Amino acid sequence: MDEKRNLAPEEGERQAQAVASQPIFNLPRSLVATLSLLVAVYAVWAYFLSEDMQAYVIVHFGFTPLRYDYLSSGQPLEWLWTPVTYSLLHGSIEHIGFNALWLAAFGAPVVRRIGTVRYVLFWIFSAAASAFFHAGLHWGDETLLVGASGVVSALMGAACRFAFPVGRGYDRVSGHLYPRQPILAAFRNRTVMIFMAMWLLGNVLIALGLPLMGAESGEIAWDAHIGGFLFGFLLFALFDVKRPARTVITTP
């Protein structure tokens, strides 16, 4: 059970004012480092490597379900790291730009809430969950999966557990201060349900072939998005910091 305790009015007001005074684009350092890493990896891959080396990187660091169809003692070890390293690769400027935008929007409250170490662990496990959800539906497929959209979807799912206070919209700036909603309570939250319905509709349209930003870099793995979202929404409590007290910010 989540614990919730209101602070003294003066203390709560001071914390609310401090949070409200933060610039809306003031991202946590670990999130800035993530964005910088993604951009650096893409820049090196796109502008400093030959076509042969680009292909080598995609093959040896991208994720493919085919590797897990014939696991044997003689297989190279790419099957160990590719469920995570694929999330650091992108196929175009549009692809990385789209993911970076949503990463900044939904990663910020999650990082502020769980801290850098848990955020790194969340990235690793959500990337793997997204990849294997995709592999489960495409077992033995030789296509290659790249991009951070599965992790971004997991961050969206995680944010649905706390950053959508009842009766209010998505709170990117101070959402990390709210209590974590139990799964059933989140389903009763009208704002969460509207957001989830819109998110699901977007992925259904992708599955039906609607061209979206970044689609020119390859087919969009909508199933990896769903796997990531389910991971973040259902398992966020495993990464959440148990907070003895949280300020509940309300508006008149």
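How many of the residues of α6 are buried? In α6, 11 of its 11 residues are buried, and the helix is mostly covered; buried means under 20% relative accessible area, exposed means over 50%, and partly exposed lies in between, with a 1.4 Å probe and protein chains only. The structure is a predicted model, in which local features need pLDDT of at least 70 and side-chain atom pairs count only at pLDDT 80 or more, while totals for chains, interfaces and linings use all residues. Residues are numbered from 1 along each chain as its sequence is written, and side-chain values use heavy atoms, with hydrogens and water left out.

**Overall make-up**

- The protein has 9 helices and 0 strands; helices (H or I, at least four residues) and strands (E, at least two) are DSSP runs, numbered from the N terminus.
- Along the sequence the pattern reads α-α-α-α-α-α-α-α-α.
- The protein has 252 residues, and 44% of them count as buried.
- Among contacts in the protein with a separation of 6 or more, 78% come from residues 24 or more positions apart; contact means heavy atoms within 4.5 Å.
- The accessible surface is about 13300 Å², and 67% of this belongs to carbon and sulfur atoms; such areas come from the Shrake-Rupley method with a 1.4 Å probe, and for residues only the protein chains shown count as cover.

- The buried residues of α6 include Ser-149, Val-151, Leu-155, Met-156 and Ala-159.
- These buried residues of α6 pack against α5, α8 and α9.
- The largest nonpolar core has 53 residues; a nonpolar core is a set of buried Ala, Val, Leu, Ile, Met, Phe, Trp, Tyr and Cys residues joined through side-chain atoms within 4.5 Å.
- Leu-103, Phe-122, Cys-160, Phe-195 and Phe-229 have the most contacts inside this core.
- At least two residues of the core come from each of α2 (29-47), α3, α5, α6 (149-159), α8 (190-207) and α9 (222-235).
- Of the helices, α5 gives the most to this core, with 15 residues.
- Neighbours within four places in sequence aside, Cys-160 is in contact with Gln-181, Ala-186, Val-192, Phe-195, Met-196, Phe-229 and Phe-233.

**Helix α4 and Thr-82**

- Glu-78, Thr-82, Pro-83 and Thr-85 are buried in α4, and the buried residues of this helix pack against α3 and α5.
- Thr-82 is found in α4, which covers residues 78-85, and has a relative accessible area of 0%.
- A polar atom of the Thr-82 side chain lies 2.7 Å from the backbone oxygen of Glu-78.
- Beyond its neighbours within four places in sequence, Thr-82 is in contact with His-60, Phe-61, Gly-62, Phe-63, Arg-67 and Tyr-68.

**Aromatic rings**

- There are 22 aromatic pairs; rings of Phe, Tyr and Trp (its six-membered ring) pair if their centres lie within 6.5 Å, and planes under 30 degrees apart count as stacked, over 60 as edge-to-face and the rest as tilted.
- Phe-63 and Tyr-86 form a tilted pair, because their ring centres are 6.1 Å apart and their planes are at 50°.
- This pair links distant parts of the chain, 23 residues apart: Phe-63 is in the loop between α3 (51-61) and α4, and Tyr-86 is in the loop between α4 and α5 (93-137).
- Phe-63 is buried at 0% relative accessibility, and Tyr-86 is buried at 2%.
- Phe-63 also forms an edge-to-face pair with Phe-132, at 5.4 Å centre to centre and 85° between the planes.
- Phe-132 lies in helix α5, 69 residues apart from Phe-63, and is partly exposed, with a relative accessible area of 36%.
- One aromatic cluster is formed by Phe-98, Trp-102, Phe-106, Phe-164, Tyr-170 and Phe-195.

**Charges over rings**

- Arg-113 lies over the face of Phe-162, at 4.5 Å from the ring centre; a charge sits over a ring if NZ of Lys or CZ of Arg is within 6 Å of the ring centre and within 35 degrees of the ring normal.
- Arg-161 lies over the face of Phe-233, at 5.9 Å from the ring centre.

**Val-41**

- Val-41 lies in helix α2 and is partly exposed, with a relative accessible area of 24%.
- Val-41 and Leu-89 are 48 residues apart in sequence, and their C-alpha atoms are 6.9 Å apart in space.
- Not counting residues up to four places away in sequence, Val-41 touches Leu-88 and Leu-89.

Notes: A polar contact is a pair of N or O atoms within 3.5 Å; within protein, one must be able to donate a hydrogen and the other to accept it, and residues adjacent in sequence count only if both atoms are side-chain atoms.
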